[in-house]
Amino acid sequence: MRRPRPTEESRARAARITQSLADLLPDEPVPARSAGRRTTGPSGAAGSDCPGCGEPLHRAAVRHGVELDACGACGGIWLDAGELESLTSGLDPAPGRGAADEAELRGRVPRPASRESDVRYRECPRCRDVMNRRNFGTISGVIVDECRRHGLFLDAGELEEVEAFLRAGGRAVGEASRARAAARQQMPPPPEPLPSTREVRHERASSTALDVLWNLFFG
Ligand SMILES: [Zn+2]
Ligand SMILES: [Zn+2]
């Protein structure tokens, strides 16, 4: 794997990540990192290789007891299992303030630009198993890499996209969407006899004629 050396740019990017995390969760100071010491604690992936580019991950910040392991080379962030939930638990809007449905959600926060040119399965930095790709919150369009046992990896910018999605009420809209999909799977609609082509054509023609009349009188 290519191991890019830290550059001025990568260091600046790491500083920007730390700053954006501080903006996201402003109530805890970033602890000073002791120089030269490996920051691997009882949990966390600091000292492991970044799943995105292979550079060593570094402890970037501790927020609400959550350790964030960031990569200064590619801007990715590793979060141990459950940490994303802890980090983002306060971001949901008050009841009634979030988007009511997916259309309204898309009006508030556009679907993130596709990174599909970069589809590849990555290794968990802790167990080396290939991680799953998961659409965060079912419908966010933010594709995170997840090891079910150890945690997940966010590419540069994805934490901000997750934040915007949640602030717009995406969690509730996504849960409703997932519940609808589950209900559809549990209760398949009763099979209906397929209408013949002639009936379909007739139905379409009559509904079109009705539309024309309707528009003529009331349009
Ligand atoms: Zn990286
Ligand atoms: Zn793992």
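Me: What percentage of the 219 residues in the protein is buried?
Reply: Buried residues account for 36% of the 219 in this predicted model.

Me: What share of the contacts in the protein is between residues 24 or more positions apart?
Reply: Of the contacts with a separation of 6 or more, 58% join residues 24 or more positions apart.

Me: What is the accessible surface of the protein, and which atoms hold 54% of the area?
Reply: The surface comes to about 13,700 Å². Carbon and sulfur atoms hold the 54%.

Me: What makes the zinc ion (ligand 2) site tetrahedral?
Reply: Start with the donors. They are Cys124 (SG), Cys127 (SG), Cys147 (SG) and His150 (ND1), at 2.0 to 2.4 Å. The donor limit for this metal is 2.8 Å, so these four atoms qualify. The angles among the four are 105 to 113 degrees. A tetrahedral site needs all angles between 85 and 135 degrees, so the label holds. For reference, the ideal tetrahedral angle is 109.5 degrees.

Me: How are the donor residues of the zinc ion (ligand 2) spaced in sequence?
Reply: The spacing is C-x2-C-x19-C-x2-H. Cys124 and Cys147 link distant parts of the chain, 23 residues apart. Cys124 sits in the loop between helix 3 and strand 4, and Cys147 in strand 5.

Me: Why are Cys124 and Cys147 called buried?
Reply: Cys124 has a relative accessible area of 0%, and Cys147 has 8%. The cut-off is under 20%, so both count as buried.

Me: What makes Asp92 and Arg171 a salt bridge?
Reply: The closest N and O atoms of Asp92 and Arg171 are 2.8 Å apart. The limit is 4 Å between an Arg or Lys nitrogen and an Asp or Glu carboxyl oxygen, so the pair qualifies. Asp92 lies in the loop between helix 2 and helix 3, and Arg171 in helix 5, so the bridge ties together parts 79 residues apart in sequence. It is one of 11 salt bridges in the whole structure.

Me: Why are Asp92 and Arg171 called partly exposed?
Reply: Asp92 has 29% relative accessibility. Arg171 has 26%. Buried needs under 20% and exposed needs over 50%, so both fall in between.

Me: How do you know that Arg134 and Glu146 form a salt bridge?
Reply: The N to O distance between their side chains is 3.0 Å. Arg134 is in strand 4 and Glu146 in strand 5, so the bridge ties parts 12 residues apart in sequence. Arg134 is partly exposed at 25% relative accessibility, whereas Glu146 is buried at 14%.

Me: Which residues do salt bridges with shared partners join into one network?
Reply: Arg122, Asp145 and Asp155. Arg122 and Asp155 also have a side-chain polar contact of 3.1 Å.

Me: Why is Arg122 called buried?
Reply: Its relative accessible area is 5%, and the cut-off is under 20%, so Arg122 counts as buried. Arg122 is found in the loop between helix 3 and strand 4. Beyond its sequence neighbours within four places, its contacts include Pro51, Gly52, Met131 and Phe153.

Me: What makes Ser140 buried, and where is Ser140 found?
Reply: Ser140 has 2% relative accessibility, which is under 20%, so the label applies. Ser140 is found in the loop between strand 4 and strand 5. Not counting residues up to four places away, Ser140 touches Arg106, Pro112, Asn135 and Phe165.

Me: Why is the pairing of the Ser140 and Asn135 side chains called a polar contact?
Reply: The distance is 3.3 Å and the limit is 3.5 Å, so the pair qualifies. The Ser140 side chain also reaches the backbone oxygen of Phe136, at 2.5 Å.

How values were computed
Residues numbered from 1 in each chain as written. Chains lettered and ligands numbered in written order. Predicted model: local features only at pLDDT ≥ 70, side-chain atom pairs only at ≥ 80, totals over all residues. Heavy atoms only, no water. Buried < 20%, exposed > 50% of the residue type's maximum accessible area, 1.4 Å probe, protein only. Contact = heavy atoms within 4.5 Å. Areas by Shrake-Rupley, 256 points an atom, 1.4 Å probe, with all protein chains shown as cover. Helix = DSSP H or I, 4+ residues; strand = E, 2+ residues; numbered from the N terminus. Polar contact = N/O pair within 3.5 Å; in protein donor to acceptor, adjacent residues only side chain to side chain. Donors = N, O, S within 2.8 Å, 3.2 Å for Na, K, Ca; no water. Tetrahedral: all angles 85-135°; square planar, octahedral: opposite > 155°, others 65-115°.
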